[in-house]
Amino acid sequence: MSVAVEIVSFGYLHNAPPAAHLTIDLRHHFRDPHVSPELRYMTANDAPVRTAVLNTPGITDLVEATATAVAAFASGPSAGTVTVADGCAGGRHRAPTFASALAERLSAVGHTVTVHHRDLDKDVVQR
C-alpha cells in the first residue's frame with residue numbers, strides 16, 4: 001500500500017519537535033559528528049557527514065525499523081499523510097542524514113515522500 005509520508009528533520013536545541021505520528025530521537029544513542037572538528041561545520045549535504053552517520057552502528061537498522069513503523073501507521077484505519085520527525089542536537093548532521101536515508105528507503109517501496117530539514121541551515125550551536 002502506497003502512502004504519503006512527510007519527514008521532518010530538526011534540532012532539539014533550536015525549538016520544540018514538530019508534531020508527528022512518530023518522533024525519532026537520535027541524540028543519545030548515536031555519536032554526534034559535531035564532536036569531530038573536521039565535521040562540525042559541515043552538514044548532511046556533505047559526503048563525509050553522511051558517511052560518518054550512515055556508518056554508525058544501528059543507524060541502518062533504525063531506518064528499517066522506522067520504515068516498518070510507517071507501514072503500520074499506513075495500514076491503520078485513518079487515511080492521510082504519515083508524518084515522521086527525527087531530531088538530533090543541532091539538526092545539521094544526524095537528523096537530516098537519517099531523514100534522507102529513510103526517504104530513500106520509503107520511496108523504494110512506492111511511498112510518496114517529502115522531506116523538510118527544519119534546522120539544517122541554521123548556525124552551529126556552540127556547546
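User: Where does leucine 106 sit, and what makes that element a helix?

Analyst: Leucine 106 lies in helix 4, and a helix here is a DSSP run of H or I with at least four residues, a strand being a run of E with at least two, each kind numbered from the N terminus. The model is a predicted one, in which local features need pLDDT of at least 70 and side-chain atom pairs count only at pLDDT 80 or more, while totals for chains, interfaces and linings use all residues. Residues are numbered from 1 along each chain as its sequence is written, and side-chain values use heavy atoms, with hydrogens and water left out.

User: Why is leucine 106 called buried?

Analyst: The relative accessible area of leucine 106 is 1%, and buried means under 20%, exposed over 50% and partly exposed in between, with a 1.4 Å probe and protein chains only, so the residue counts as buried. Apart from neighbours within four places in sequence, leucine 106 touches Val5, Ile7, Ala67, Val70, His111 and Val113, where contact means heavy atoms within 4.5 Å.

User: How do you know which residues of helix 3 line one face?

Analyst: In helix 3, Ile59, Val63, Thr66, Ala67, Val70 and Ala74 are buried. Seen down the axis, these buried residues fall within an arc of 105°, taken from the directions from the helix axis to the C-beta atoms, so they line one face of the helix. An α-helix has 3.6 residues a turn, so residues three or four places apart point the same way. The face turned away from the buried side of helix 3 carries exposed Asp61 and Thr68, while the cover over its buried residues includes strand 3 (82-88) and helix 4 (94-108).

User: Why is histidine 28 called exposed, and why is phenylalanine 30 called buried?

Analyst: Histidine 28 is found in the loop between strand 2 and helix 1 (37-40), and its relative accessible area of 63% makes it exposed. Phenylalanine 30 has its place in the loop between strand 2 and helix 1, but a relative accessible area of 13% makes phenylalanine 30 buried. Its contacts beyond four places in sequence are Thr56, Pro57, Gly58, Ile59, Leu62 and Arg94.

User: What makes a space in this structure a cavity, and how many are found at 30 Å³ or more?

Analyst: A cavity is a set of points on a 1 Å grid, over the protein atoms alone, where a 1.4 Å probe fits but cannot get out, and its lining residues have an atom within 4 Å of a point. The search of the whole structure finds 1 cavity of 30 Å³ or more. The largest cavity has a volume of about 70 Å³, a volume being the space filled by probe spheres set on the points, which are joined across faces, edges and corners. Its lining includes Asp32, His34, Cys88 and Arg94.

Methods:
On a 1 Å grid over the protein atoms alone, a cavity is a set of points where a 1.4 Å probe fits but cannot get out, and a pocket is an open set with protein on both sides within 12 Å along at least five of seven lines; lining residues have an atom within 4 Å of a point.
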